[in-house]
Amino acid sequence: MGVRRVIAPLAVLAVLASGCADRLEPEDETPPPLENPTMQLADWSELHAGPYGVPERALQSYSYAAAIMDRSAPECGIGWPTLAAIGSVMSNHGRAEEARVGEDGIVSPELRNLDLADPDRASERVDDTDAGRLDGTSTQDVPMGPMQFSPSRWQQWGTDADNDGDANPDSFDDAALSTARFLCAVGGDLRTPEGWTRGVSQFYPSTMFVMKVHDVSVTYSR
């Protein structure tokens, strides 16, 4: 069972236009489905972080989340390149605004309300749902962490992937696995162009975002 899957070039455009395209196929270079999010994928991540230009600690989180979903929901077929592409588009893998990914997977300083995915949508105001408990502001909801979850979505999908007792949107482990769970739930079979596009577009409803994620995913799958 592979976790490295990506939509074929230009398939996103075909899906958005007509809803039909060729079936996706798994790629090689699959990380092993191991148990520990911070240690057991370290060797694989260390080997691939440089060539892919992804922080090693972030790559551990992406590959762990994909491996866990490959075991718990194999019918989804999510690949780590899709998760890494979303992280790249949303926050440059947690490096936006000079932030850094710590050895514990925590991104600091906290990333809030970035506009990298689609600047035209970044100014849209969303009513507050968490009284500032998660995002630090009670005037409106703002996206949080390396995957830019909204507070309302985090309250539904936030997952404690690193077993520290807290589902933290600023933790790469938690954010990556929460993203994978969401994509699998709304997209279904992400090995198909229709499922992949449905999942990614519901994560962030913007054609620009879907195309950016597609292009980066292709790069990571080479």
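Predicted model: local features only at pLDDT ≥ 70, side-chain atom pairs only at ≥ 80, totals over all residues.

Reader: What is the handedness of the crossing of helix 4 and helix 9?

Author: Residues are numbered from 1 along each chain as its sequence is written, and side-chain values use heavy atoms, leaving out hydrogens and water. A crossing is left-handed if the near helix is turned anticlockwise from the far one by less than a right angle, and right-handed if clockwise. For helix 4 and helix 9, the crossing is right-handed.

Reader: And how are helix 4 and helix 9 oriented to each other?

Author: Helix 4 (residues 80-91) and helix 9 (residues 207-220) pack with axes 8 Å apart, at an angle of about 125°. Under 35 degrees is roughly parallel, over 145 roughly antiparallel, 65 to 115 roughly perpendicular, and the rest oblique. So the two helices, helix 4 and helix 9, are oblique.

Reader: Is Thr192 buried or exposed?

Author: Thr192 sits in the loop between helix 7 (172-187) and helix 8 (193-203). A polar atom of the Thr192 side chain lies 2.9 Å from the backbone oxygen of Asp189. Buried means under 20% relative accessible area, exposed over 50%, partly exposed in between (1.4 Å probe, protein chains only). Since Thr192 has 17% relative accessibility, it counts as buried.

Methods. Helix = DSSP H or I, 4+ residues; strand = E, 2+ residues; numbered from the N terminus. Polar contact = N/O pair within 3.5 Å; in protein donor to acceptor, adjacent residues only side chain to side chain. Axes fitted to C-alpha atoms, helices over the stretch in contact; angles between N-to-C directions.
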